[in-house]
Amino acid sequence: MTLIVNLSRREFLAGATLTGVALTLGCHVESNGVRAADSTAPVLAPNAFVTIRPDGRILVTVNKTEMGQGVRTSLPMLVAEELDADWSQVTVETASFDPSRYGFQGTGGSGSLRGAWEPLRRTGATARAMLVEAAARRWNVPADACRTEAGFVLHPSDATKKLSYGELVADAANLPVPDPKAVKLKDPKDFKLIGRRVPRYDNPDIVTGKAVYGMDVRLPGMRFATMVHPPVFGGKVRQVEDTEAKRVPGVEQVFVTDRGVAVVATNTWAAFEGAKKLRITWDDGPHAKLSSADIRAMFIEKSTSPGDVARQDGDFDKAFASAAKQLEAVYEVPYLHHATLEPQNCTARVSAEGCEIWAPTQFPNFVMDEARRITGLDAGRIKIHVTLLGGGFGRRIEADYAADAVEVARRLNGVPVQVTWTREEDMQHGWYRPASLHVVKAGLAENGQPVAVLHRLVAPSIRGQRQPDGGKGVDPGAMAGITTTAYELPNFRAEYVRANTAVPIGFWRAVFDSQNAFVQESWMDELAHAAKADPVEFRLVRLGKAPRLKRVLEVAAKAAGWGQPLPRGRARGVASHFSFGAFCAQVAEVSVEDDLPRVHRIVCAMDVGTVVNPSQVEAQIEGSIAFALSAALYGAITVEQGRVVQSNFNDYPLLRMAEMPRVEVHLIPSSESPSGAGEPALPPVAPAVCNALFALTGKRIRKLPIELDT
């Protein structure tokens, strides 16, 4: 009999280290794990986000999910900056789900730092004010005469006197908490942490396996399960033959749930093997014949009629009709999967007394909704722990995998269970980035300059899928980047045509900006060439009212050597876009090798406002570019017979390390509030690459993923 060992990721990493597969650590802030709850001594906790202990340790609680974006470092930096804390004394924890204490805990839309910028700074400033007041009372001096530095309050006139924050905790804890809105924030010129390359707080735990992702959760007596879902959208289980499945060593139970068939075992491998042995008869439902070809045909049919007007400047129809020349093109993008490296999983324990969940989730509030629905328990008896995510990209906004775990746990009556989807189940039961079709038109003057521009988007509505009753007319989210274009275009009209399908759709990294920018920036390139203008200059003259976008375009072009000669067989392409509050421009340098596109270099200029941690912003830009290149070169989810064709990385490949281009990042100095940084570098990638390929080959790419031979 084969011995199955439940080896956790942590145990694997520890074993790998012991056997010589060493992991080298850079310098880092130690995670000492000091928590306020470890001590009965008085602490200073002026609000839910910061606790200062008598030993000087400072615990910052983060109410957002860490999924690689560095939120467990950047958000505490805001508190520590205004607190004038010694960064080496700061420890961090992720909040359990408790909106009454921590407010909105959803993570997405590149919004964590944007939303926390002022509130968390005021959190630190409030605690600092209380510590200063406590010191001033001891010394009998005015509080506003005292200074703070690296975890100490300094006497205003005696350089030999200073009190550590730890020494002041007891006194400060007895003071009234000042109104956070009334405390004074630092002048940015006095920042000591913000703007520094602070190493990520959690890197040591991640690389040594101490960090707990969803699949690392282990509880006494727990069971392991997997799910087999209906392969066709909207299908149901008709009959299950599980005799062979139950013969797999370790398999304990097989049962049908509302969402599919669950296999419960003593380990995940046995559950997977048992699932393979199931003989399931499905009721495929009404979508059994749905195909990508049908969906595309529907999009094309709908694109022939005007849509709902989302933006109108001037009179497109009149200007287009009288133009000296008329251009028209159709662009298409496919459904895309998130392809997180950690497949969907969740751990739950349900009994009559309550429900406890360990979920790698971006939106614990959606997990709570599902738990309440399934268990019938009120929120007070449901506890949700948010673990680290092995990739989010919008997929873990959804709570379907958590619903599976709660449903299986409910059937096990008090026994904890971890439900893990196979990669194939994950790939074929996602919430895909919507496919779309775009009709673009332009009327040109005699000199080739555009006098009328139309952008008609045909696409499903994510909002309409979630809110069927309110899903009519223009979906503003679907028009992201189109209605908000910064270009000054005469007689511009944007239209939206709703085209919902049975394919489940959801938020994806930079979701509609990622596809709308591809079309808009490719079309701008087409218009520039029609006007016989330089693509960079063509854009710059239309960005007169968008100085920040104009600036990043100028910086990227200059850094990339725009207009300078390249080695034979290479060409450059440019694109820019505004999204999530950030301004981004990129220049891609490409060649064609063995009839395939090869991206050698991407120069990216970004204006994200105040840069809190340059290292993290650069890392997010690099990650966005890798993610976007995967989609542009390879990404496509197709549907046949009502089911997703792709099943794993063999037919849904990601960019390989050898394919990663050289990335150069130029961050624009700014005193503006921070914008998002996790997504804005993604939208310009595909159009910059496609525009470069056009410059090189003369072939215009109007459909993704890129195919040069069609």
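Among contacts in the protein chain between residues at least 6 apart in sequence, 77% join residues at least 24 apart, contact being defined as heavy atoms within 4.5 Å. The model is predicted, with local features requiring pLDDT of at least 70 and side-chain atom pairs counted only at pLDDT 80 or more, while totals for chains, interfaces and linings use all residues. Residues are numbered from 1 along each chain as its sequence is written, and side-chain values use heavy atoms, with hydrogens and water left out.

The protein chain contains 19 helices and 27 strands, these being DSSP runs numbered from the N terminus (H or I, at least four residues, for helices; E, at least two, for strands). Its radius of gyration is 28 Å, close to the 27 Å that the globule rule gives for 710 residues, so the chain is as compact as a globular protein of that length. The radius is taken over C-alpha atoms, and the rule is 2.2 Å times the number of residues to the power 0.38. Along the principal axes, the C-alpha atoms fill a box of roughly 80 × 75 × 55 Å.

Of the 710 residues, 57% count as buried; buried denotes under 20% relative accessible area, exposed over 50%, and partly exposed in between (1.4 Å probe, protein chains only). The accessible surface of the chain comes to about 29600 Å², of which 51% belongs to carbon and sulfur atoms. These areas come from the Shrake-Rupley method with a 1.4 Å probe; for residues, only the protein chains shown count as cover.

The largest nonpolar core has 108 residues, of which Val689 and Ile706 touch the most other members. The largest share of this core, nine residues, is supplied by helix α18 (residues 614–634). Apart from it lies another core, of 48 residues, among them Val71, Met77, Trp87 and Tyr201. A nonpolar core is a set of buried Ala, Val, Leu, Ile, Met, Phe, Trp, Tyr and Cys residues joined through side-chain atoms within 4.5 Å. When neighbours within four places in sequence are left aside, Val689 is in contact with Ala588, Val590, Val599, Leu629 and Ile706.

Val599 is also a contact of Glu659, together with Tyr634 and Leu654, again leaving aside neighbours within four places in sequence. Glu659 lies in the loop between β26 (643–644) and β27 (662–667) and, at 22% relative accessibility, counts as partly exposed. Its C-alpha atom is separated by 44 Å from that of Thr123, 536 residues away along the chain. Thr485, in the loop between α14 (462–466) and β21 (492–498), is buried, with a relative accessible area of 9%. Residues up to four places away in sequence not being counted, Thr485 touches Arg311, Phe492 and Gln520.

Backbone geometry was also examined. Most residues other than glycine have a negative phi, and most peptide bonds are trans. Asn413, although not a glycine, has a positive phi of about 50°; it is found in the loop between α12 (400–412) and β18 (417–420) and is exposed, at 58% relative accessibility. Asp594, likewise not a glycine, has a positive phi of about 55°. Asp594 is placed in the loop between β23 (582–593) and β24 (596–607), where it counts as exposed at 73% relative accessibility. The peptide bond from Leu704 to Pro705 is cis, with omega near 0°, and Pro705 belongs to the segment after α19 (685–697).
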